[in-house]
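This report walks through selected local features of one protein model.

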Amino acid sequence: MNAKKMANYTNKVKAQELWKTLYLCAKENTSRRFHALYDKIYRPDILWEAWQRVKRKKGSGGVDGQSIVNIVEEYGEKKFLNELYLELKENRYHPNPVLRTYIPKDDGKKRPLGIPTIKDRVAQMATKMVIEPIFEADFHDCSFGFRPKRNAHQAMAKIRKASKKCFWVVDVDIQGYFDNINQDKLMKLVEQRISDRRVLKLIRKWLKAGIMEEGKIRNPISGTPQGGVISPLLANIYLNTMDKIWEKRFNHLGELVRYADDFVIMCNTKQHALKSIKVIQAIMGKLDLSINRDKSRLVHLWDDIEGFDFLGFHNRKFPIRRKGGYTLFVMSHIPKKNAMKKMRAKIKAYTEPRAKLYMDIHDLVIGLNKKLQGFKNYYLISLNAKKWLNRIDWYVLERLTLFYNKKRNSRMKHGNLIDVRKEIGHLLVKLAS
């Protein structure tokens, strides 16, 4: 192990030790407020580990135009981190506005994202590394989004387990959650655990940093910008109020399963489901949030007639035939329609460019396999999903056949599929297997 790798490993270990220490202290005393945290944010080992995490995630630069590549190859990593260290230590750090951009949503609309500068991203990551364990000690088991060692598959497993005795689902969509978080109430929740004024001031600066769109800066009075490193943690802190109230007073009505701002409630009876809706509406009112009535639904799960979408899956009870003519309905998770559409779009975008015709088809398959393996790892969590993923496997073969024929100037767009299958079939990652 060379010196650089050894230093990276040492900093990572130190960061993990700090995380564990703060978590255990917070878990031991649920009413403790932490007052000496700011100096840990600009600790060189924490800043370096924060930079490594930001660098691994890549991403574009913010309003200052500085990119990760520019820092690594021209500006210098040590110079960049030394400047940030001094700004934080000497209380000279001031975040830039986030750069507004938009990404398409499943319903055809666009989701607004705020891209902070690389410097702000590293500062947010360092802060997140220090304060996350404190709040993680308070978070509930019903929450799975943007938390260490928790993921979407665990949320689906909880839904699958609950579906054995629950036949009604309250599928809730919060109207513009990230844009409507009450910043004052959010800060009060943060202050319940953190009393370090400099840390609180730092978080307020990010909330008030503003948004640059089309060359103009505006300062929204509510919300946290989606895209910021620390935004998912702040969003979880805010909705932890709902988790806490539900687990303490209304858990008898149903099983709450939340992933960031998406959540469902699995209920035994329709009466419990209807009461759950009223409770959630009341809690949303306290948080100054509202339910999107067009997207929220009440679904029954007696058979395979109805289902609900959650985290990219369509969740429905499919029939299983037993001996003696008995039919059992079991919860299963298949890719939802828009997820299938996105998979096809990504496969097409990778294989279609004429500039890639210079590549050997074997090399193209190797690159494509990385995407296919990602699809397989996420969506193949139930046997019923194979039927849908098999359609993607056929689509992949169609796209590779088009590539094969274009490369050979063949007039048959979809001919030679058998030849393509023989040539690269053994190399290709198959989603349905």
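Glutamate 306 and arginine 297 form a salt bridge, with 3.9 Å between the closest N and O atoms. A salt bridge here is a side-chain nitrogen of Lys or Arg within 4 Å of a carboxyl oxygen of Asp or Glu. Glutamate 306 is partly exposed, with a relative accessible area of 23%. Arginine 297 is also partly exposed, at 35%. The burial classes are buried (under 20% relative accessible area), exposed (over 50%) and partly exposed (in between), with a 1.4 Å probe and protein chains only.

The model is predicted: local features need pLDDT of at least 70, side-chain atom pairs count only at pLDDT 80 or more, and totals for chains, interfaces and linings use all residues. Residues are numbered from 1 along each chain as its sequence is written, and side-chain values use heavy atoms, with hydrogens and water left out.

## Salt bridges

The salt-bridge rule gives a count of 16. One network joins Glu49, Arg53 and Arg56 through salt bridges that share partners. Three pairs are listed below.

| Pair | N to O distance |
|---|---|
| Arginine 92 and glutamate 90 | 2.7 Å |
| Aspartate 243 and arginine 258 | 2.7 Å |
| Glutamate 306 and arginine 297 | 3.9 Å |

Arginine 92 is partly exposed at 44% relative accessibility. Glutamate 90 is partly exposed, with a relative accessible area of 44%. What of the burial of aspartate 243 and arginine 258: buried or exposed? Both residues are buried. Aspartate 243 forms its salt bridge with arginine 258 at 2.7 Å. Aspartate 243 sits in helix H11 (residues 231–250) and arginine 258 in strand E6 (residues 255–259), so the pair ties together parts that are 15 residues apart in sequence. Helices (H or I, at least four residues) and strands (E, at least two) are DSSP runs, numbered from the N terminus.

## Positive phi angles

Most residues other than glycine have a negative phi, and most peptide bonds are trans. Lysine 149 has a positive phi of about 60° and is not a glycine. Lysine 149 belongs to the loop between helix H6 (118–136) and H7.

The loop between strand E9 (307–310) and strand E10 (313–321) holds leucine 311. Leucine 311 counts as buried, at 15% relative accessibility.

Lysine 58 follows H3 and has a positive phi near 60°.

## Helix H3

Helix H3 covers residues 44–57, which is 14 residues. From its first C-alpha to its last, H3 reaches 20 Å, close to the 20 Å expected at 1.5 Å a residue. The expected span is 1.5 Å times one less than the number of residues. Which residues of H3 are buried? They are Asp45, Ile46, Leu47, Trp48, Glu49, Ala50, Trp51, Gln52 and Val54. Glu49 also belongs to the salt-bridge network with Arg53 and Arg56.

Isoleucine 230 is placed in the loop between strand E5 (216–218) and H11. Isoleucine 230 counts as buried at 2% relative accessibility. Isoleucine 230 and valine 54 are 176 residues apart in sequence, and their C-alpha atoms are 12 Å apart. Valine 54 is one of the buried residues of H3.

Isoleucine 283 is in helix H12 (residues 270–286). Isoleucine 283 is buried, with a relative accessible area of 4%. From isoleucine 283 to leucine 239 the C-alpha distance is 9.8 Å, across 44 residues of sequence.

Leucine 18 lies in helix H1 (residues 3–28). Leucine 18 is buried, with a relative accessible area of 10%. The C-alpha atoms of leucine 18 and methionine 129 are separated by 8.8 Å, and the two residues are 111 residues apart along the chain.

## A positive patch

Arg160, Lys161, Lys164 and Lys165 form a positive surface patch. Patch residues have over 30% relative accessible area and no salt bridge, and like charges are joined within 9 Å. Lysine 165 lies in the loop between helix H7 (152–162) and strand E3 (168–173). Lysine 165 is exposed, with a relative accessible area of 55%.

Methods
Patch = residues over 30% accessible without salt bridge, like charges linked within 9 Å, V, L, I, M, F, W, Y side chains within 5 Å. Areas by Shrake-Rupley, 256 points an atom, 1.4 Å probe, with all protein chains shown as cover. Lys, Arg positive; Asp, Glu negative; His and termini not counted. Charge placed at Lys NZ, Arg CZ, Asp CG, Glu CD.
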